[in-house]
Amino acid sequence: MSLALNDLLICCRQLEHDRATERRKEVEKFKQLIRDPETVQHLDRHSDSKQGKYLNWDAVFRFLQKYIQKETECLKTARPNVSASTQATRQKKMQEISSLVKYFIKCANKRAPRLKCQELLNYIMETVKDSSNGAIYRADCSNILLKDILSVRKYWCEISQQQWLELFSVYFKLYLNPSQDINRVLLARIIHAVTKGCCSQTDGLNSKFLDCFSKAIQNARQEQTSPGLNHILAAFVIFLKALAVNFRIKVCELGDEILPTFLYIWTQHRLNDSLKEVIIELFQLQIYIHHPKGAKTQEKGAYESRKWKSILYNLYDLLVNEISHIGSRGKYSSGSRNIAVKENLIDLMADVCHQVFNEDTRSLEISQSYTTTQREYGVPCKKRKIELGWDVIKDHLQKSQSDFELVPWLQIVIQLISKYPACLPNCELSPLLMILCQLLPQQRRGERTPYVLRCLMEIALCQGKKSNLESSQKSELLKLWIKIWSITFRNVSFEQIQAENFGLLGAIIQGSLVEIDREFWKLFTGSACRPSCPVISCLTLALTTCVVPETVKMGMEQNICEVNRSFSLKELIMKWLLLYQLEDDFENSTELPPILHSNFPHLALEKILVSLTMKNSKAAMNFFQSVPECEQHQNEKEEPSFSAVEELFLQTTFDKMDFLAVVEKCAIEKHQSSRGFSVHPNLKESLDRYLLGLSKQLLNNYSSETSNTEMLVRCSSLLVGVLGCYCHIGVITEEEAYKSELFQKAKSLMQCAGESVTLFKNKTNEESRIVSLRNMMHLCTSCLCNCNKHSPNKIASSFFLRLLTSKLMNDIADICRSLVSFIKKPLDYGQVESVGDDTDENVKEMENQSSMSVFNSYPASSVNDANESGESQLAIVSSAFKGASWRRISFANGRCC
């Protein structure tokens with residue numbers, strides 16, 4: 001044993017001395033030893049080796065616990081009836097003990113979690129359960145639980161199911177007992193974290209634990225302020241999501257019982273924003289469970305009850321008032337303020353409107369039973385008349401003068417029609433369009449225009465799905481859409497609303513609501529707009545729906561081909577996409593086109609370019625669009641939601657699970673033949689020339705020091721993407737693609753990118769280069785897919801895989817190893833900051849926080865300022881292993897070049 005550890009061992013044994021003065025002296029020496037660099041290094045090594053015969057952090061912690069036990073026993077056996085000053089001295093002593101524990105844990109776990117989870121947890125639970133330990137000491141231990149155990153991923157995985165449940169029971173009892181002196185916000189945050197652990201690390205909480213939440217909610221009705229209620233409700237939402245899968249009826253019935261309490265709390269108490277957020281989430285979850293996928297009747301899969309109907313109408317009334325209040329409050333506020341209402345409130349309002357709107361009911365008298373309590377039983381409930389239906393929305397759109405009042409209702413229309421297109425009756429199409437037409441020309445009036453355009457886009461998509469419109473109605477709607485098209489077309493050059501303008505144009509084209517004229521195609525040949533994601537999406541829809549004319553008229557009825565006799569319209573579009581506003585001698589130009597700066601949807605640009613080279617561009621684009629998207633790129637767009645559980649509800653009844661007997665019809669994959677597509681030789685030659693010119697421009701300006709590797713990868717991806725689309729449509733074979741000049745240029749570009757990566761190996765401390773390498777690797781992984789279906793994605797992926805040389809992958813692996821060693825190397829063993837009694841500060845922090853992150857980015861507290869880029873470095877490591885795995889697959893298949 002080293003001298004440093006020997007000194008620490010002697011000090012630990014002295015902590016058990018019978019004399020308090022001797023123990024007090026040893027405490028100061030103990031603090032110095034556990035922050036000594038040599039001692040820390042030995043303790044870390046012995047803890048990592050897991051050899052019990054050496055002194056390690058766990059052994060030191062056991063000595064510390066014996067010291068704490070001796071000190072607390074002395075305090076407990078002391079005379080209870082003492083003066084105030086003596087009592088204060090004892091309180092200070094307890095604070096010193098808890099501060100020492102926090103200090104020790106910080107020293108031990110600063111570099112990595114080395115203390116055993118079970119040791120820590122047992123110590124904390126014994127302390128918290130023993131009420132004689134005092135509120136301050138128990139609160140500090142609870143703080144340690146929250147910050148040093150429940151926020152560490154390693155400990156999170158080591159807690160057993162029994163311990164999770166015990167934590168839940170103990171802390172909920174403390175929270176429900178108002179006589180406890182422990183801060184209730186702290187208790188609520190612990191309950192939130194423990195509920196997450198119970199639902200993710202175990203089989204889940206038993207339904208009997210619902211009673212705990214019900215009691216907390218009922219208590220909140222009686223209290224004007226309920227500390228930590230937002231954290232309790234956040235935990236409740238987590239619990240309900242886990243419980244709803246197997247206990248839908250129970251969760252629905254519970255919602256019917258407790259949601260009136262939340263209506264009461266919302267209307268009678270002053271709520272902060274964080275509490276409103278979680279109450280909205282709770283209402284939203286109950287609607288998903290009662291009405292999966294918007295089901296309105298029991299036959300369709302909804303859960304119906306009289307109580308629930310009453311809750312829905314009262315919730316609708318509350319939300320109308322809330323949105324009106326937000327609008328009026330913004331109208332009179334000074335300074336800059338976001339005019340849009342938060343999306344979660346809009347989503348909830350749209351779901352409620354979908355349920356309560358009925359063509360037969362324009363108004364309804366509702367009973368506000370939630371305003372009375374059980375003790376007031378027999379007192380008549382308040383009654384109120386509410387207006388329902390689309391007339392309510394139209395009235396608000398017409399009478400609202402300020403953006404603060406108007407925009408929320410536009411948001412509601414957008415969400416309602418987007419989520420439930422069938423909820424818009426045919427008879428409401430024309431009136432709603434007329435109102436929006438009046439708002440559309442006000443381009444420079446406030447911030448309403450983007451929302452008006454998005455509203456019109458959703459209506460256009462909705463109308464495109466309706467097949468039962470009368471001819472007279474179609475004629476009226478056509479006049480309105482022609483007017484809307486004209487206004488929108490004139491304003492496409494406004495960059496602030498370009499996405500919304502092109503989104504609306506695309507929706508009108510998709511629904512074939514107006515006839516597209518030649519003027520439309522001029523957008524993709526001049527300077528009115530530049531290539532961007534919204535423009536590309538609109539052009540894709542246009543090519544899918546319309547036939548591209550051979551020529552367009554420019555200026556004074558002058559045919560464009562008379563000015564540029566060598567260019568057809570298709571070629572002009574290709575040139576505009578690839579070489580926007582570049583000079584003819586673009587190969588020697590230093591300015592790069594927009595397509596190399598933008599991340600377009602995967603293969604969207606390539607499909608457009610290849611379709612334009614076909615004699616029948618419309619058929620070619622439809623052929624590309626008919627190919628289902630591969631699962632990898634589809635999953636990247638999807639966000640985790642409750643929809644899988646809703647699907648389960650729709651497949652089951654409340655009495656039996658009969659969906660197992662239903663044989664689902666397997667969708668037959670339709671694969672259109674690529675035969676019959678013929679390429680226009682001149683257009684293909686022009687496209688190849690533009691692409692080669694673009695790659696030559698990058699190669700001519702290449703410098704290993706200054707060139708952007710992202711641009712090189714993006715250009716090579718564009719080249720192999722075009723080749724992949726040509727192969728998929730049958731213009732060339734894969735063997736011909738490998739021998740083509742485009743593929744050789746793509747290889748040259750990736751070789752240049754590899755040289756830049758090699759140079760980067762010695763400059764891993766530069767943040768800008770780390771970010772550039774991360775983005776480059778994200779681009780590479782997005783170009784690769786492992787789908788088995790015959791598609792352009794699969795072919796382009798195999799092409800791109802051949803561009804990844806062994807040297808490039810080895811260099812990336814070396815960089816990742818270097819970054820990992822830089823992150824994990826031992827930090828400077830300087831002095832650990834003294835940990836004081838920060839309970840009050842922690843409480844203030846908790847009260848201001850609406851939610852907590854389950855895990856801290858461990859060991860974030862130990863990373864010094866020079867290592868702030870750790871997160872991006874770890875992201876690179878992850879991406880590198882992704883790429884490396886693809887590389888191993890390619891070697892195994894013998895496909896590496």
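This is a predicted model: local features need pLDDT of at least 70, side-chain atom pairs count only at pLDDT 80 or more; totals for chains, interfaces and linings use all residues.
Helix α1 covers residues 3–14 and helix α3 covers residues 37–49. Two packed helices are described by the angle between their axes and the distance between the axes. For α1 and α3, the angle is about 90 degrees and the axes lie 8 Å apart. The two helices are therefore roughly perpendicular to each other, because angles of 65 to 115 degrees count as such.

Now take one residue from that contact. Thr-39 sits in helix α3. Is Thr-39 buried or exposed? Its relative accessibility is 0%, so Thr-39 counts as buried. Leaving aside residues up to four places away in sequence, Thr-39 touches Ala-4, Leu-5, Leu-8 and Leu-33.

Step back to the whole chain. The protein chain has 897 residues, and 51% of them are buried. Its secondary structure comes to 39 helices and four strands. The accessible surface is about 43,600 Å². Carbon and sulfur atoms account for 48% of that surface.

Helix α12 spans residues 229–244, and helix α14 spans residues 273–290. Their axes come within 9 Å and cross at roughly 15 degrees. That makes α12 roughly parallel to α14, because the angle is under 35 degrees. The crossing is left-handed.

Which residues of α12 and α14 meet? From α12 come Leu-229, Asn-230, Leu-233, Ala-234, Phe-236, Val-237, Leu-240, Lys-241 and Ala-244. From α14 come Ser-274, Leu-275, Val-278, Ile-279, Glu-281, Leu-282, Leu-285, Gln-286 and Ile-289. By class, the contact has 13 nonpolar, three polar and two charged residues. An α-helix has 3.6 residues a turn, so residues three or four places apart point the same way.

Follow the chain out of α14. Lys-293 lies in the loop between α14 and α15, the latter being residues 306–331. Lys-293 is not a glycine, although its phi is positive, at about 55 degrees. With a relative accessible area of 42%, Lys-293 is partly exposed. Ser-512 also has a positive phi, near 50 degrees, in a residue other than glycine. Ser-512 is found in the loop between α22 (498–510) and α23 (518–521).

Further along is helix α26, residues 569–578. Nine of its 10 residues are buried, so α26 is largely enclosed by the rest of the structure. The buried residues are Leu-569, Lys-570, Glu-571, Leu-572, Ile-573, Met-574, Trp-576, Leu-577 and Leu-578. Among them are Lys-570 and Glu-571, which belong to the charged class.

The last stop is Ala-604, in helix α27, residues 604–613. Its relative accessible area is 16%. Ala-604 is therefore buried, because the cut-off is under 20%. How far apart are the C-alpha atoms of Ala-604 and Gln-625? They are separated by 9.7 Å, with the two residues 21 apart along the chain.

Definitions and conventions
Residues are numbered from 1 along each chain as its sequence is written. Side-chain values use heavy atoms; hydrogens and water are left out. Buried means under 20% relative accessible area, exposed over 50%, partly exposed in between (1.4 Å probe, protein chains only). Accessible areas come from the Shrake-Rupley method with a 1.4 Å probe; for residues, only the protein chains shown count as cover. Axes are lines fitted to C-alpha atoms, for helices over the stretch in contact, and angles run from 0 to 180 degrees between N-to-C directions. Angles under 35 degrees count as roughly parallel, over 145 as roughly antiparallel, 65 to 115 as roughly perpendicular and the rest as oblique. A crossing is left-handed if the near helix is turned anticlockwise from the far one by less than a right angle, and right-handed if clockwise. Contact means heavy atoms within 4.5 Å.
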